[in-house]
Amino acid sequence: MSKQISYLSASTLIATPEAQITIAAPRGRLSLRLRKGLTACDKALGVKLPRTIGARSEKNGIEVVCLGPDEWTIVTDLDRVAGIQSALASIYPDHPHALTDITLRELSFVIAGKSAMELLTIGCARDLASFEIGSARRILFDVATTTLWRDGENTFRLDVWNSFVPFIAQTLITGTKEITAEQAARATTT
């Protein structure tokens, strides 16, 4: 059975000694497609667009990740979305681009704790240890295309499209319970 999720506020889904799964507070999200005029876009945004896939940059509360050769996701506070749209609209005549507000398209799970990386491997076949802290990648998590951000040694964010949120939430909760039970069983046998 899928987990019912509230999209309106941050909340904890499960917290164990091994891992904690929380729903991050809502953030503004924009998808940017741009082939030319990166420098002008840097100036308009006030933060440099990363030029390498998986790299991210952050300045003044605006976080940007490069997801493809001409694709970025911009994450910021909800009240700053309109300002970013306006700033990028001002350069559009000379630097055409596509900018789409995707704020309501997805939700972010925060996966943290000493077993966070192990937990994520239940749905991701990638070598997560190779993800540098501060990077992000579009990945397949089980059946859903997601974006995985590595925020710290044992802290990750998983951006999931709304239609997959209940399934992914239940998968993460079940995985957390299994890992916690395995660790408890190991502790009693040693």
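Trainee: Helices (H or I, at least four residues) and strands (E, at least two) are DSSP runs, numbered from the N terminus; in which strand is the place of Ala136?

Mentor: Ala136 belongs to strand β9, which covers residues 136–141. Before going further, keep in mind that this is a predicted model, in which local features need pLDDT of at least 70 and side-chain atom pairs count only at pLDDT 80 or more, while totals for chains, interfaces and linings use all residues. Residues are numbered from 1 along each chain as its sequence is written, and side-chain values use heavy atoms, with hydrogens and water left out.

Trainee: Is Ala136 buried or exposed?

Mentor: Ala136 has a relative accessible area of 1% and is therefore buried, where buried means under 20% relative accessible area, exposed means over 50%, and partly exposed is in between (1.4 Å probe, protein chains only).

Trainee: And which residues is Ala136 in contact with?

Mentor: Counting a contact when heavy atoms lie within 4.5 Å, and leaving aside neighbours within four places in sequence, Ala136 is in contact with Gly54, Val65, Thr147, Leu148 and Trp149. Asp151, 15 residues apart from Ala136 in sequence, is 8.7 Å apart from it in space, C-alpha to C-alpha.

Trainee: Let me zoom out. How many helices and strands does the protein have?

Mentor: The secondary structure comes to 4 helices and 11 strands. Buried residues make up 46% of the 190 residues, and among contacts between residues at least 6 apart in sequence, 56% join residues at least 24 apart.

Trainee: Which backbone oxygens does the side chain of Arg150 reach?

Mentor: The Arg150 side chain reaches the backbone oxygen of Phe131 at 2.6 Å and that of Glu153 at 2.8 Å. For such polar contacts, a pair of N or O atoms must lie within 3.5 Å; within protein, one must be able to donate a hydrogen and the other to accept it, and residues adjacent in sequence count only if both atoms are side-chain atoms. Not counting residues up to four places away in sequence, Arg150 touches several residues, including Arg56, Met117, Phe131 and Phe156.

Trainee: Changing topic, where is Glu106 found, and which residues does Glu106 touch?

Mentor: Glu106 is in strand β8, residues 106–112, and is buried, with a relative accessible area of 9%. Residues up to four places away in sequence aside, Glu106 touches Arg29, Asp159, Val160, Trp161 and Asn162, and a polar contact of 3.4 Å joins the side chains of Glu106 and Arg105.

Trainee: In helix α1, which residues are buried?

Mentor: In α1, residues 38–45, the buried ones are Leu38, Ala40, Cys41, Asp42 and Leu45, and what covers them includes β3, β5, β6 and α2. Just after α1, Gly46 takes a positive phi of about 85°.

Trainee: What about Asn60: what is its phi near?

Mentor: Phi of Asn60 is near 50°, a positive value in a residue other than glycine. Most residues other than glycine have a negative phi. Asn60 lies in the loop between β4 and β5 and, at 55% relative accessibility, counts as exposed.

Trainee: And where is Asp142 found?

Mentor: Asp142 is in the loop between β9 and β10, has a positive phi of about 60° although it is not a glycine, and is partly exposed, with a relative accessible area of 35%.
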